[in-house]
Amino acid sequence: MLIYNTAELDNALIRQEADDAKAAGVIVQGTAERIKAAHPYTLYSPNIFVRIGLGLATVLCVLLATGLFFLLMMDGAIRSIEIFFLVWGVLAYGTLEMWMSGHRHYRSGVDDGLTWVSAVYIAGALVALMENDSPVLLFILLTALASWYTVRTSDPGIALCGWVCGIMIVVYGAIAYIPGARYLLPFLVMGISAGAYLLFTRIQRNFRFRHYDLCLDVLRLGTLATLYLAGNYYVVHIAGMELLGMEGEPPLPWLFWTLSIAIPPVYIWMGLLRKDRIPLAMGLILIAMAVFTIRAYHAVMPIETAMVLGGIFLVGVSYFVHRYLKKPKHGFTTEAMHTRSFGAQQLEGLIIAETMQPTPQAGEAFQFGGGSGGGGGASNEF
Amino acid sequence: MRKNFIHQLADEGLLSETERLRLEAQSGSRLFSLHWELKTMLYLGVLLLSGGLGTLIYKNIDTIGHQAILAGIGLLCAACFWYANKHTAPFTWEKTESPNAWWDYVVLLGCLLFISFITYLQGQYEVFGTRLGSATFIPMVVLFFCAYYFDHLGVLSLAITNFAAWLGIAITPMHLLSSNAFGTERRLIDTALLIGLVLTAAGFASGRFNRKAHFSFTYYNFAVHVFCIGALCGMFFEDGMLLLYTPALAAALAFYYFLGVRLRSFYFLLMTVIYAYIGLGYLVIFMLILAMDSLEMGVLYLSILYLIVSSIAMARILIHLNRKLKSHADL
């Protein structure tokens, strides 16, 4: 199904797992070396910087080639600009398929660049062509397009776009074709998200789908996010006003308030119970969303008090977890699984410098603000 | 390891019987690391706490609670430094490993609170006088001291950005282009070049004299961006100064290219390629526009052709450089 050489991708997985097993001391050095000799990996998968560079160069090339032809064919191209881009999108996709069958690339930037350029061209042409048709049909086409790309390239970003378009089919379809949709819509989206989450989780455990691991991670994050958002009081309130023209408080307020506050802890609990990083991470992110929802309606306390209390809570929780897990317990540890990477440390330093600037920066007037950076950065979440 | 792979490798005779059994036992019971989750919580906690306390001081400036908040911040800050000092190894000029992520953020919180404290004293009573831009000078000294004493990369990054702020420009990634009006004042461009030079020298000295040699990457990293962006802005905005800023850019690129080769760091090679690409592209299109009178529409076509050819060339150079440093995939 993939455009890549799957035997080689298997070898990459085996080599990675052999390295991990050796690092954990389960197999000896000699075994790891014999495994790697028997399973060579020859696809071109350079490091992240080359990948970004090659990706940008590829995108630039296609864009400029399109621009050049657009200038040359100015008269015809302007009259049917949608078809022009559709043709170029299909051409770029054809190049991707041909390149990958001939050249031995995997995640080299060239394939990413061609994937995204062709997908954006085709999707943009579809959006422009279907301007006057029903959005349901458009989203069905976009979902089909994204699904095809996902199956062929296993690109996680495109998989996520596909999920969002799929949810849009449900939203617009329900409004257009189901009479009582205004009351059922949140539950419909929640039900479909929950079903998709269970399906993707089951698929991910299946060995056959091993090359789609990252895609399925992202899709599961997406399903958990839409499940929460569909039940969130703020989202239901705003969407009810914007999409359905409802006024005032949404029906069943107590239910949506319960869902807004209870779902993030449930995700965290699920993640810890199953030792699954996806619901755990989503639950932690959504706590910020829950706090935001509460603050959008009830000003419980001034922002700086909330920040101090939130900070004390977060630092306190992590202190107790650090103390509790000094020695690994119940299969949990606070140590990093792989050795601490130099790049991650540098990035951490940069993020700290960017967000925690405690003194007035050049270009800002000196204000009695001590911690202006910190306050500004966090206030969006509270 | 996945069960199917264990079977496959065992069938191929690559695993001994004990190794197969151990792999199967391990795939059932894996330790689950909460490292990054906890680290993110700590980061957000410290961000909220330092920002919130910093704002609290000024919001309550005329109330009775004011003194109490100041005293509270002072106490908390002292407690952070006491704890950090108690759990750190004695000072050396070598790299010291931090005890754990929790300790890292205690040091950071201590530094941030201390600076809120002295910034307040300075703003309210001008304790340290008004010369030398002391509002940023004193925090800078404190941050550099803490960075070296506790061997902390995050505090070092804060110190470096503070150094630049003291000289008048912002060099954090998001503010480098947005907060500095490089186009309006030549002084700012020259300041950026000066900061780039000083930081490069600091990075070089760290490695050369073995004083916290692992800090040199952080110095170089800020330096290469500040210097190259400064020089490029000089080329773009300062009329008639092309002959001054182009050689400056070329010299910096040459230095960082050889540095990248010496450190086997692909990151610096990539940065030199990107900045060289921007500089060269500007020069070529600048020349083409000068020839506008004779070429007319040809300028547009030639520019697009140049961009296509040069982006392919850049891709080839990147592939070549990557092969050259193949063994080193990280920074």
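Does R107(A) count as buried or exposed, and at what relative accessibility? Hold that thought while we get our bearings. What you're looking at is a predicted model, where local features need pLDDT of at least 70, side-chain atom pairs count only at pLDDT 80 or more, and totals for chains, interfaces and linings use all residues. Residues are numbered from 1 along each chain as its sequence is written, chains are lettered from A and ligands numbered from 1 in the order written, and side-chain values use heavy atoms, leaving out hydrogens and water.

Chain A comes to 16 helices and one strand; these are DSSP runs numbered from the N terminus, with helices being H or I of at least four residues and strands E of at least two. Its C-alpha atoms fill a box of roughly 65 × 60 × 50 Å along the principal axes. Of the 382 residues, 47% are buried, meaning under 20% relative accessible area, with exposed over 50% and partly exposed in between (1.4 Å probe, protein chains only).

Back to R107(A): at 13% relative accessibility, it counts as buried. R107(A) sits in the loop between α5 (81–102) and α6 (110–129), and its phi is near 50 degrees, a positive value in a residue other than glycine. K275(A) also has a positive phi, near 55 degrees, and lies in the loop between α12 (253–274) and α13. At 32% relative accessibility, though, K275(A) counts as partly exposed.

Follow the chain to α7(A), residues 135–153. Its buried residues, including F139(A), L142(A) and Y149(A), pack against α5, α6, α8 (156–177) and α10 of chain A, with contact meaning heavy atoms within 4.5 Å. Just after α7(A), S154(A) takes a positive phi of about 50 degrees.

Now for a helix pair. α10(A) (213–231) and α13(A) (277–297) pack at about 30 degrees, with axes 10 Å apart; axes are lines fitted to C-alpha atoms over the stretch in contact, and angles run from 0 to 180 degrees between N-to-C directions.

Note on methods. The expected span of a helix is 1.5 Å times one less than its number of residues.
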